[in-house]
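Work through the exercises below with the sequence and the model open. Each task is followed by a solution in steps.

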Amino acid sequence: MKSILKTIALAAALGLSAISGAAAEQVRVGFAAEPYPPFASPDASGNWEGWEVDFMKAMCAEAKLDCVITALAYDGLIPALTSNKIDMIVASMSITAARQQTIDFSDKYYNTLPAIIGPKDVKFEPTPEGLAGKTLGVQAASIHQAYADKYFAPAGATIKEYQTQDEAINDLAAGRVDAVQADSIPLSEHVKTEQGACCELKGTVKADPAILGQGVGVGLRKGDTALKDKVNAAIGAIRANGTYDTFSKKYFDFDLYGE
């Protein structure tokens with residue numbers, strides 16, 4: 001009888017161990033709370049959808065991770081990661097030297113240049129000279145703010161910061177700013193909408209890898225080598241096996257991965 005009880009106890013312990021192991025595989029993924037189509041937006045039911053959501057699902061499935069989205073303000077993502085409130089960031093966050101002082105990044109998973117949009121009836125180039133005397137809206141704590149502060153402010157542009165990209169876009173539509181800088185893909189999509197009909201893409205900005213980074217990567221805590229290795233292996237695998245191209249074709253007619 002004692003032998004049977006010991007066997008039952010051992011089985012129960014192993015069962016609990018297996019449950020604990022499964023729970024340990026759950027990963028809290030930080031997303032920016034504001035809509036960022038076509039990369040990520042909540043639908044009417046509050047479920048997230050978009051290219052970056054599809055990327056996360058494919059990457060997590062390949063890495064055998066149970067990934068759960070945690071939506072936060074964009075400028076709160078890195079503090080949440082370093083304070084262990086989330087485990088990774090998937091939020092179109094560019095890999096920059098400044099950010100790498102605080103967090104680690106995976107290999108890149110896409111790469112595009114920022115662009116400028118402005119009213120159709122006002123002609124200007126997306127250059128420091130073109131923005132001189134104009135008010136430019138950018139999202140706070142973003143590469144766009146850093147770029148604008150370096151190139152456009154010294155040439156005479158007024159830089160207006162916003163907590164979300166949507167707020168900047170709304171102020172452009174209302175005439176409270178003259179232009180907005182953000183990633184070229186969401187801006188290209190925006191000018192096709194009813195709200196964006198007032199505006200046009202003025203062009204992409206001049207590349208500066210020191211500020212704009214080396215593409216977009218998954219943000220990870222420093223020292224979390226095991227998770228970083230899993231994520232990098234998964235990104236490489238979905239690129240190689242065609243999964244990346246399959247879900248990307250639902251949104252884009254070009255290779256988002258870039259150079």
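**Exercise 1. Count the helices and strands in the chain.**

Solution. Step 1: take helices (H or I, at least four residues) and strands (E, at least two) as DSSP runs, numbered from the N terminus. Step 2: the count gives 11 helices and 12 strands. Step 3: note the basis of the count. This is a predicted model, in which local features need pLDDT of at least 70 and side-chain atom pairs count only at pLDDT 80 or more, while totals for chains, interfaces and linings use all residues. Residues are numbered from 1 along each chain as its sequence is written, and side-chain values use heavy atoms, with hydrogens and water left out.

**Exercise 2. Describe the chain as a whole: what box do its C-alpha atoms fill, and what percentage of its residues is buried?**

Solution. Step 1: along the principal axes, the C-alpha atoms fill a box of roughly 90 × 35 × 35 Å. Step 2: buried means under 20% relative accessible area, exposed over 50%, and partly exposed in between (1.4 Å probe, protein chains only). Of the 259 residues, 45% are buried. Step 3: contact means heavy atoms within 4.5 Å. Among contacts between residues at least 6 apart in sequence, 70% join residues at least 24 apart.

**Exercise 3. Give the strand order of the open sheet formed by 5 strands, and state which helices pack on it.**

Solution. Step 1: two strands pair if DSSP finds at least two bridges between them. Step 2: the order is 4-1-5-12-6, with mixed pairing. Step 3: strand 4 (66–72) and strand 6 (104–110) are the edges; each has a single partner strand, so one side of each lacks a neighbour in the sheet. Step 4: strand 1 (residues 26–32) and strand 5 (residues 88–89) run parallel and are joined by 2 bridges. Val29 has Met88 in strand 5 as its bridge partner. Step 5: helix 2 (residues 51–63) packs on the sheet and touches strand 1, strand 4, strand 5, strand 6 and strand 12 (216–220). Its direction makes about 115° with that of strand 6. Helix 10 (residues 225–240) also packs on the sheet, touching strand 1, strand 5, strand 6 and strand 12, and its direction makes about 10° with that of strand 6. Axes here are lines fitted to C-alpha atoms, for helices over the stretch in contact, and angles run from 0 to 180 degrees between N-to-C directions.

**Exercise 4. Find which residues of the largest nonpolar core touch the most other members.**

Solution. Step 1: a nonpolar core is a set of buried Ala, Val, Leu, Ile, Met, Phe, Trp, Tyr and Cys residues joined through side-chain atoms within 4.5 Å. Step 2: the largest core has 34 residues, of which Trp51, Phe55, Met59, Met88, Val90, Tyr109 and Val218 touch the most other members. Step 3: strand 1, helix 2, strand 6, strand 12, helix 10 and helix 11 (243–248) each supply at least two residues. Helix 2 gives the largest share, 8 residues. Step 4: leaving out residues up to four places away in sequence, the contacts of Trp51 include Pro38, Tyr109, Tyr244, Phe247 and Leu256. Step 5: another core, of 14 residues, lies apart from the largest one; Phe124, Val138, Ala148 and Ala157 are among its members.

**Exercise 5. Which residues of helix 7 are buried, and why do they line one face?**

Solution. Step 1: in helix 7 (residues 165–173), Gln165, Ala168, Ile169, Asp171 and Leu172 are buried. Step 2: seen down the helix axis, they fall within an arc of 160°, so they line one face of helix 7. The arc is that of the directions from the helix axis to the C-beta atoms. Step 3: the cover over these residues includes strand 8 (135–139) and strand 9 (158–162). Strand 8 pairs with strand 9 in the parallel sense over 5 bridges.
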